[in-house]
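Please load the model in the viewer and keep the selection panel at hand.

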Amino acid sequence: MGLNVKAKLVIKEQLKPDIFKFGISAKEIANIAKPGQFLEIRVTDNIVPFLRRPISIYNVDKQNGIVEFIFQVKGNGTKILSSKNIGDEIDIVGPLGNGTFNIYENKKIAILGGGIGVFPLHELAKNLKDKSEVNVYLGFKNKDAVVLEDEFKKVSDKFVITTDDGSYGIKGFAINELEKDIEEKKIEYIYACGPLPMLKAIRNLSIEKNIPCQISLEEKMACGLGVCLGCAVKKANTENDKTEYTYVCRNGPVFNAKSVEI
Ligand SMILES: Cc1cc2nc3c(=O)[nH]c(=O)nc-3n(C[C@H](O)[C@H](O)[C@H](O)COP(=O)(O)OP(=O)(O)OC[C@H]3O[C@@H](n4cnc5c(N)ncnc54)[C@H](O)[C@@H]3O)c2cc1C
């Protein structure tokens, strides 16, 4: 269900004109958070916007009880959130998400991220590092969109950046660089979060190569508690091809790629 806390904002960094990193003091959440989980954030005490906004956990500092998240300003909710200042209290429910990233030991891992989908992958890579071989492939639109390069380098054994236009790193899509390494590095497990076309492509590739894969679906979500059913995703391979749904907030946001139709 997640805990409801009023957490003090202790870190605020503007990473890009429209991207902010926040750290909140929330020991209770830090103690139990798992990679892939998210927070539901109430951005204002006013009626509008009424619904909490879901944002993934980017980093957990258990020692200091700090939970960090990174968000892009998209609309009114994230705009209001970005105006919070150090010392402000933020009403947060978390950690949420029943489907979380599996942490394996002694595996050759590939982590694929795209755009603002890279944020939840940091806590994942951090938890895998020193347990498994962590190969990270991040794709961005262009140089201006590249974020967290140094942070990801610290938690990976191999790290690759691609940009669609070649203005930074390797020109092309990150999935193509990952694909090149599959045989050579004998990749045994894949994780991904990013735009839907990237997730579709990695789902297909993982099925074709018979490599287990978990994807995080950051589909639009309203209540975040499994009540409104606004975040339905079709289940794959159901009996008699019956149409069945699963829900990002209740069952995800992380799913086995094979288990959902996207
Ligand atoms: C499980 C989960 C985890 C997420 N984690 C992050 C994160 O770590 N960092 C981050 O920046 N964002 C994340 N998002 C997306 C984030 O929740 C939305 O961008 C935010 O709720 C938008 O709120 P708003 O009021 O600013 O915009 P709104 O006014 O609600 O929407 C403005 C526009 O933003 C777009 N939008 C809204 N929600 C989404 C969405 N879920 N996916 C794509 N586009 C959307 C739509 O095009 C919409 O027109 C996550 C979403 C989910 C479901």
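**The second largest pocket**

The residues lining the second largest pocket comprise 14 nonpolar, seven polar and five charged residues; here Ala, Val, Leu, Ile, Met, Phe, Trp, Tyr, Cys and Pro count as nonpolar, Asp, Glu, Lys and Arg as charged, and the others, Gly among them, as polar. The model is predicted, so local features need pLDDT of at least 70 and side-chain atom pairs count only at pLDDT 80 or more, whereas totals for chains, interfaces and linings use all residues. Residues are numbered from 1 along each chain as its sequence is written, and side-chain values use heavy atoms, with hydrogens and water left out.

Select Gly 114, Gly 115, Gly 139, Phe 140 and Lys 141, which lie nearest the centre of this pocket among its 26 lining residues. A pocket is an open set of points on a 1 Å grid over the protein atoms alone, where a 1.4 Å probe fits, with protein on both sides within 12 Å along at least five of seven lines; lining residues have an atom within 4 Å of a point. Next, colour strand E9 (133-140), helix H5 (174-184) and helix H6 (196-209), the elements that each give two or more residues to the lining. Helices (H or I, at least four residues) and strands (E, at least two) are DSSP runs, numbered from the N terminus. Which element gives the most to the lining? H6 does, with three residues.

**The two domains**

Colour domain 1 (3-96) and domain 2 (108-219) separately; the bounds come from an automatic or database domain assignment. Each domain supplies at least three residues to the lining of the second largest pocket. The C-alpha centres of the two domains lie 24 Å apart. Their contact (heavy atoms within 4.5 Å) takes 13 residues from domain 1 and 16 residues from domain 2.

**The seven-stranded sheet**

Now display the open sheet ordered E4-E3-E7-E1-E2-E6-E5, with antiparallel pairing; two strands pair if DSSP finds at least two bridges between them. E4 (53-56) and E5 (59-61) stand at the edges with a single partner strand each, so one side of each has no neighbour in the sheet. Within the sheet, select E1 (residues 3-16) and E7 (residues 89-96), which pair over six bridges. Val 5 has Ile 92 in E7 as its bridge partner.

**The three-stranded sheet**

Finally, select the open antiparallel sheet E15-E14-E17. E14 (residues 232-235) pairs with E15 over three bridges, and Ala 232 stands opposite Tyr 247 in E15.
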